[in-house]
Amino acid sequence: AVVSTQSTGYKTNNLRMLKRFDCMRRVPRTLSQSSNSGGILSALTCIAILLILYTQVSMWLSPVYKRRTVVHRDNDNDHVGFRLNITFLKAHCDDIAFKIHDQFSRTTDDVTNHVIRKSTGSGCKMELDYHLKRITGEFSFISKDNRTDMSHAMEDLIIGDTHKYANTKAFHALKGVKLRDIGSSTHDYIVKLLETNFIDEKDPEVANNVSPYQYTFSYRPHIVHNKKDGTVPSIAQHYIRFRYNFSPLLVEYTAEYNSFYDLVTNSIAYCGGLFTTVEVVHRAFLGGSAFIKDNMYKKL
């Protein structure tokens, strides 16, 4: 019994010595006072802390892409796929042909059979899925006579592979372009293509070496004016022509993920700084309000 009493006394003394090094001493409830403003600020601070934690976890799970532009030297893939959806507003499907021509070909290939055509009342919707050579060229929708109205609306033009991150306007620049009733018989689009690679070792979809293309375009119409006697000048064919040119540059987007260490340190820093700032503001508010009240009572 004596030994057990001595061991208990040693433990008590050790705990007392350990409490002397306590840097986070609690304030007794009898010495603290709660307030409505403090409760509101505490609730808002907890909501803000949850938002901060959600943001940090999202940044940890989702990558941040760093951009790098290099000179493209890989010529293994000499063909690029493209998908085009276009609607002719006042032309029938049988009145329009589709042709492709590049700078090294002496002939123009008629690939109308590769076009999916759907009649839409007085117009025609065309969907095309084809492959272009990686050289400068052009593809055209050509009318079979000089009376076809080439007013059209571009649904979308996608060059290269599809990718979940290639959903910005840079990859769909022609989407939604609509030209109608402008008195034009020909439409020239000049398209500049820029290959883009997404590099992400953790994402299997990105690791499959997909290469979507960003592009910009300029448009030039050819307006046909009537003659002095009011007649329309004779033109063999009306057309919509897309002239494309590949850039020698390549844009690489490399995915970088935040480490778990960054997640922990950033969360602690932001949450601790927010809590400290709110506490300082609240104490300043209480001190200022108490000072104003004291001065008002003294004047009375």
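1. An open sheet of five strands runs in the order 5-6-2-8-9, with antiparallel pairing; two strands pair if DSSP finds at least two bridges between them. Strand 5 (115–120) and strand 9 (178–179) stand at the edges with a single partner strand each, so one side of each has no neighbour in the sheet. Strands (E, at least two residues) and helices (H or I, at least four) are DSSP runs numbered from the N terminus.

2. This is a predicted model, in which local features need pLDDT of at least 70 and side-chain atom pairs count only at pLDDT 80 or more, while totals for chains, interfaces and linings use all residues. Residues are numbered from 1 along each chain as its sequence is written, and side-chain values use heavy atoms, with hydrogens and water left out.

3. Within the sheet, strand 2 and strand 6 are joined in the antiparallel sense over ten bridges. F88 stands opposite C124 in strand 6.

4. Strand 3 and strand 7 also form an antiparallel pair, over seven bridges, and K99 faces S140 in strand 7. Five of the seven residues of strand 3 are buried, so this strand is largely enclosed by the rest of the structure. Buried means under 20% relative accessible area, exposed over 50%, and partly exposed in between (1.4 Å probe, protein chains only).

5. The largest nonpolar core comprises 34 residues, and F82, F88, F139, F141, M154 and F242 have the most contacts inside it. Such a core is a set of buried Ala, Val, Leu, Ile, Met, Phe, Trp, Tyr and Cys residues joined through side-chain atoms within 4.5 Å. Strand 2 gives the most to this core, with five residues. A second, separate core of six residues includes L194, F198, V251 and Y253.

6. F242 touches G137, E138, F139, F141, M154, L174, Y189 and V191, residues up to four places away in sequence not being counted. Contact means heavy atoms within 4.5 Å.

7. H172 is found in the loop between strand 8 and strand 9 and is buried, with a relative accessible area of 14%. Leaving aside neighbours within four places in sequence, H172 is in contact with D156, L157, I158, A166, N167 and Y215. A polar atom of the H172 side chain lies 3.3 Å from the backbone oxygen of A166.

8. Helix 2 (residues 36–61) has 26 residues and reaches 38 Å from its first C-alpha to its last, close to the 38 Å expected at 1.5 Å a residue; the expected span is 1.5 Å times one less than the number of residues. G38, T45 and Q56 are buried in helix 2.

Notes
Polar contact = N/O pair within 3.5 Å; in protein donor to acceptor, adjacent residues only side chain to side chain.
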